[in-house]
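Colleague: Walk me through this model, please. I will ask, you answer.

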Amino acid sequence: MSNTDKIVLTGIKPTGMPHLGNYVGALKPLIERSNTHKTFMFIADLHALNTIHDASQIRQHTHEIAALLVALGLNLENAVLFRQSDIDEIYQLNTLLMNITPKGLMNRAHSYKAAMDKNTAAGLDVDAGINMGLYTYPILMTADILMYNSDIVPVGADQKQHVEFARDIAEYFNRTYGNTFKLPEPVIGSDTGLIPGLDGRKMSKSYDNIIPLFAPESELKKKIMRIITDSKLPADKKDPDESTIYQLYKHFATPEQTEKFAEMFRAGGMGYGDAKKILFEQINSVLATPRAEYERLMANPDEIDKILAAGAERARAVAHETLARVKRAMLG
Ligand code: TRP
């Protein structure tokens, strides 16, 4: 099997507009991969249910992610884009996999342990606010991964353990019932952690230092002008590698443009205000067209629904086949 024969799968939880760090670290590579690989890409709305209990919010965020992926140029021939909850087979596979998943595995999940630790630190009951959706989250994610015969699962570092669990569960299953599932492999975006936010720390919602991917142009500019810099004067020579402005720029520019910008830092004579303007122009030139397409799609939710319905149909064909295989193995 050549590398391009491998099936790529990933889910994106609909919890709000991604930021530039998500774009550079995860979305852009996913979209590029969709040009060469059969890809299953779904909006993991069922996974959002353990935290978001407002249907209109789930629907809104689901549309945002779908529109965003299409606007960024996801290859819709190779990529099956769908809503996780549209495939009834997923609830069934989830239930079946419950019976082969060791409880101890769930106890070891980082996300569950972090939730318990937070409770303990706050002096609450260890299980306060923890629902079964959160506790069994990795089983549903395993169902996602195994359902579509995935080989490669690109995820953020925080999700690596979940993909390993999927692999473990597939192995238990195959050992118990005979060879039924392929063993998936996590692929961790290598530079996800390196995209700085407005304050120079890693761009992250929890640091409140993000630049939203499709912020309107005026907001994009405002955010960029607010990037924190040191107190060097315009005339001073500057080290580009120490500058958040340059660190962001290089992800949106060609190597030649990047080298030229680095040279301007080193030479001195460019103030941070000017550097920010150049950064804004650069990011804006890359994002203006997809942003307009995103806005167009968001104004036409029927069009998004049609794309998702077509994706669901393709996904369902695979899910139907997998579920039949699993039921045969488990139930005879
Ligand atoms: N849990 C993932 C996240 O929070 C989203 C997700 C759900 C997913 N199912 C998946 C990712 C299957 C990869 C494969 O980011």
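**Fold and packing**

Colleague: What radius of gyration does the protein chain have, against the rule for a compact globule?

Modeller: This is a predicted model. For 332 residues, a compact globule would have a radius of gyration near 20 Å. The protein chain agrees with that, so the value to quote is 22 Å.

Colleague: How many helices and strands does the protein chain have, and what does its C-alpha trace span?

Modeller: The secondary structure comprises 14 helices and five strands. Along the principal axes, the C-alpha trace spans about 75 × 50 × 40 Å.

Colleague: Which share of the residues of the protein chain is buried, and which share of the accessible surface belongs to carbon and sulfur atoms?

Modeller: Buried means under 20% relative accessible area. By that cut-off, 49% of the 332 residues are buried. The accessible surface comes to about 15800 Å², and the part from carbon and sulfur atoms is 52%.

Colleague: How far apart are the centres of the positive and negative side chains?

Modeller: There are 38 positive and 41 negative side chains in the protein chain. The centres of the two sets are separated by 1 Å.

Colleague: Which elements do the buried residues of α4 pack against?

Modeller: Helix α4 covers residues 88-98, and its buried residues are E89, I90, L93, N94, L96 and L97. Down the helix axis they fall within an arc of 165 degrees, so they line one face of α4. The buried residues of α4 pack against α2 (45-48), α8 (137-147), α9 (160-177) and α14 (301-331).

Colleague: Is H19 buried or exposed, and what does H19 touch beyond four places in sequence?

Modeller: H19 sits in the loop between β1 (8-12) and α1 (20-33). Its relative accessibility is 7%, so H19 counts as buried. Leaving out residues up to four places away in sequence, H19 touches M203, S204, K205, I210, I211, P212 and L213.

Colleague: Last one. What percentage of the contacts with a separation of 6 or more joins residues 24 or more positions apart?

Modeller: Take the contacts in the protein chain with a separation of 6 or more. Residues 24 or more positions apart account for 76%.

Terms used
Residues numbered from 1 in each chain as written. Predicted model: local features only at pLDDT ≥ 70, side-chain atom pairs only at ≥ 80, totals over all residues. Heavy atoms only, no water. Helix = DSSP H or I, 4+ residues; strand = E, 2+ residues; numbered from the N terminus. Rg over C-alpha atoms; globule rule 2.2 N^0.38 Å. Buried < 20%, exposed > 50% of the residue type's maximum accessible area, 1.4 Å probe, protein only. Contact = heavy atoms within 4.5 Å. Areas by Shrake-Rupley, 256 points an atom, 1.4 Å probe, with all protein chains shown as cover. Lys, Arg positive; Asp, Glu negative; His and termini not counted. Charge placed at Lys NZ, Arg CZ, Asp CG, Glu CD. Arc of directions from axis to C-beta.
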